[in-house]
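Let us read one model feature by feature.

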Amino acid sequence: TLTATVTALHRFPDFAALYAALPLDQCGYLPEEIATASPADMNVYYSAEKQARYGVVGIEIALVEEETQ
């Protein structure tokens, strides 16, 4: 379990636009995966039809430091 704050929402019509605009290392890809990353990777989770209907959102977060006692 962790606590985070949403610091930004990045709205796009589809993952192709998101991938073109945002740094992929901040989208969950490892450095060695970036060269082969594709917006089609997200079709496993979000169909092209749903992307066209609802668009997509990149959610930027910052972890909240919890005080230890």
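**Strand, surface and pocket**

Q: Where does Val57 lie?

A: Val57 lies in strand β2. Helices (H or I, at least four residues) and strands (E, at least two) are DSSP runs, numbered from the N terminus. The model is predicted: local features need pLDDT of at least 70 and side-chain atom pairs pLDDT 80 or more, while totals for chains, interfaces and linings use all residues. Residues are numbered from 1 along each chain as its sequence is written, and side-chain values use heavy atoms, leaving out hydrogens and water.

Q: Why does Val57 count as partly exposed?

A: Buried means under 20% relative accessible area, exposed over 50%, and partly exposed in between (1.4 Å probe, protein chains only). Val57 counts as partly exposed because its relative accessibility is 42%.

Q: Is Glu60 in a strand or in a loop, and how far is Glu60 from Ala8?

A: Glu60 is in strand β2. With 34% relative accessibility, Glu60 is partly exposed. Glu60 and Ala8 are 52 residues apart along the chain, yet their C-alpha atoms are separated by 5.0 Å.

Q: Which residues make the nonpolar surface patch?

A: A patch takes residues with over 30% relative accessible area and no salt bridge, joining nonpolar side chains (Val, Leu, Ile, Met, Phe, Trp, Tyr) within 5 Å and like charges within 9 Å. A salt bridge puts a side-chain nitrogen of Lys or Arg within 4 Å of a carboxyl oxygen of Asp or Glu. Areas come from the Shrake-Rupley method with a 1.4 Å probe, and for residues only the protein chains shown count as cover. Here Leu2, Val6, Leu9, Val57, Ile59, Ile61 and Leu63 make a nonpolar patch of about 690 Å². The elements that give two or more residues are β1 (4-12) and β2 (56-63), and β2 gives the most, with four.

Q: Where is Leu2 found?

A: Leu2 is found in the segment before β1. Leu2 counts as exposed because its relative accessible area is 59%. In sequence Leu2 is 64 residues from Glu66, and their C-alpha atoms are 8.7 Å apart.

Q: How much space lies in the largest pocket, and what lines it?

A: Rolling a probe the size of a water molecule over the atoms shows where empty space is left. On a 1 Å grid over the protein atoms alone, a pocket is an open set of points where a 1.4 Å probe fits, with protein on both sides within 12 Å along at least five of seven lines; lining residues have an atom within 4 Å of a point. The volume is the space filled by probe spheres set on the points, which are joined across faces, edges and corners. The largest pocket holds about 460 Å³ of space. It has 22 lining residues, and Leu18, Cys27, Val57, Gly58 and Ile59 lie nearest its centre. α1 (15-21), α2 (48-54) and β2 each supply at least two lining residues, with β2 giving the most, six.

Q: Where are Ile34 and Leu30 found?

A: Ile34 is in the loop between α1 and α2, and Leu30 is in the loop between α1 and α2 too. Ile34 is partly exposed at 31% relative accessible area, and Leu30 is partly exposed at 43%. Between Ile34 and Val44, 10 residues apart in sequence, the C-alpha distance is 18 Å.
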